[in-house]
Amino acid sequence: MLGLEKQPYAGAKNGKKKRIGTEGVVGLVFILVPLVGYVIFRGFPLLSSFAALFCDMEGYDISSLTWNNFQNFREIFTDTRFYKSILITLWVYSAQIISLLIALIVAALLVQKIKGSRLLEVIFFVPYVCSAVAVTSMWMWIFDARNGILNAILGTQIDWLANLEHPSTITWAIILATVWSSPAYGIVMYKAAFKGINPAYYEAAEIDGANGFHKFFYITLPSIAPTTFFLLIQGVIAGFLSFTYPVLMWPDNWMQTAGIDDMALTLMYYVHILGNGRRQMNLASVVSWVLFVLMGSLTFLLFKLQKRREKNE
């Protein structure tokens, strides 16, 4: 009727489904290779850790799993070290927020076409590509009790990483190392975001009498909001998974303790102590899943806030 008759599916031939050719088979094989690797090296440990939440377990022996009537949760949720590890993790995570602010400010300055800005951008990016072990070693040298640069400048002999009078100095050292190394990626991302803003917005704002303050807060920040959102999500992951700096800055008895008064005890560090130090994989699994829930909750909150912001625009 009027040329609107139902046409056969373009991929069908004589009413039969088209068979997968050689290229399709090769494509499926290439897809299956990483999928099988994920199932073996990620999926199976994930299921094992979930099963260990509700069972006792002897070391790393999965066959020794026995139901314990939620005893793991009672033991972890009554452990003061667990709650302290959450507070230390949130404290260390604040370094990611500081790094984001530094990245925003530096990128805003570099995008002004200052002479030598590209060289400065490379210099800022060096800490990001350096090995975390090398960066930690540098900061340990700075905070060294005997030959440290900080003590040489201040004329003191304080053991900043094992300070009996002020144990929190190791936490501040971790935050300082994170702030020094983290902004580089954000600088590059923000600089690219700044270049993507339509100059016509600024020209129209100037015609309306807007000053630099108004243009930054009412044009620049809303325009780079997607980049900020991405960097916030990345900061959540990096902050909550903080492990390298804490464990390397406290080399003494690092399988059982995390600094004086556990002031370097992040959640990831606590998982390491429970799983590798005490060989209590069932308790380490509980802390790991709590870490996952905290990261997921904060990420979900950020997505909700992002959607609300987009609706209000």
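Mentor: Let us begin with charge: which residues form a negative surface patch? Before the answer, note that this is a predicted model, in which local features need pLDDT of at least 70, side-chain atom pairs count only at pLDDT 80 or more, and totals for chains, interfaces and linings use all residues. Residues are numbered from 1 along each chain as its sequence is written, and side-chain values use heavy atoms, with hydrogens and water left out.

Trainee: A patch is made of residues with over 30% relative accessible area and no salt bridge, where like charges are joined within 9 Å and nonpolar side chains (Val, Leu, Ile, Met, Phe, Trp, Tyr) within 5 Å. Asp and Glu count as negative, Lys and Arg as positive, while His and the chain ends are not counted. The negative patch is formed by D56, E58, D61 and E75.

Mentor: Is D56 buried, partly exposed or exposed?

Trainee: D56 is placed in strand β1, residues 55-58; strands (E, at least two residues) and helices (H or I, at least four) are DSSP runs, numbered from the N terminus. Buried means under 20% relative accessible area, exposed over 50%, and partly exposed in between, with a 1.4 Å probe and protein chains only. With a relative accessibility of 35%, D56 is therefore partly exposed.

Trainee: Which residues form a positive surface patch?

Mentor: One of its members, K307, is placed in helix α14, residues 281-312. The complete positive patch is formed by K304, K307, R308 and K311.

Trainee: What is the area of the nonpolar surface patch?

Mentor: The patch is made by L32, L35, V36, Y38, V39, I40 and F41. An α-helix has 3.6 residues a turn, so residues three or four places apart point the same way. The area of this patch is about 710 Å².

Mentor: What is the relative accessible area of I40?

Trainee: I40 belongs to helix α1, which spans residues 22-52. For comparison, L32 is partly exposed at 45%, and V36 is partly exposed at 44%. I40 also counts as partly exposed, because its relative accessibility is 48%.

Trainee: How many salt bridges does a search of the whole structure find?

Mentor: A salt bridge requires a side-chain nitrogen of Lys or Arg within 4 Å of a carboxyl oxygen of Asp or Glu. One of those found joins D262 and R81, and K215 and E206 meet in another. The number found in the whole structure is two.

Mentor: How far apart in sequence are the parts that D262 and R81 tie together?

Trainee: The sequence separation is 181 residues.

Trainee: In the salt bridge between K215 and E206, what is the distance from N to O?

Mentor: K215 is buried, as its relative accessible area is 16%. E206, by contrast, is partly exposed at 49%. Their side chains meet with an N to O distance of 3.0 Å.

Trainee: Which residue caps the N-terminal end of helix α9?

Mentor: Helix α9 covers residues 199-207, and G209, whose phi is positive and near 90°, follows α9. At the N-terminal end, a side-chain oxygen lies 3.0 Å from the backbone nitrogen of A200. That oxygen belongs to N198.

Mentor: What is the phi value of F70?

Trainee: F70 is placed in the loop between β2 (61-67) and α2 (71-77), and F70 is partly exposed with a relative accessible area of 39%. F70 has a positive phi although F70 is a residue other than glycine. The value is near 65°.

Trainee: Where is D261 found, given that its phi is positive, near 60°?

Mentor: D261, too, is a residue other than glycine with a positive phi. Its place is the loop between α12 (244-249) and α13 (267-277).

Terms used
A polar contact is a pair of N or O atoms within 3.5 Å; within protein, one must be able to donate a hydrogen and the other to accept it, and residues adjacent in sequence count only if both atoms are side-chain atoms. Accessible areas come from the Shrake-Rupley method with a 1.4 Å probe; for residues, only the protein chains shown count as cover. The place of a charge is taken as NZ of Lys, CZ of Arg, CG of Asp or CD of Glu.
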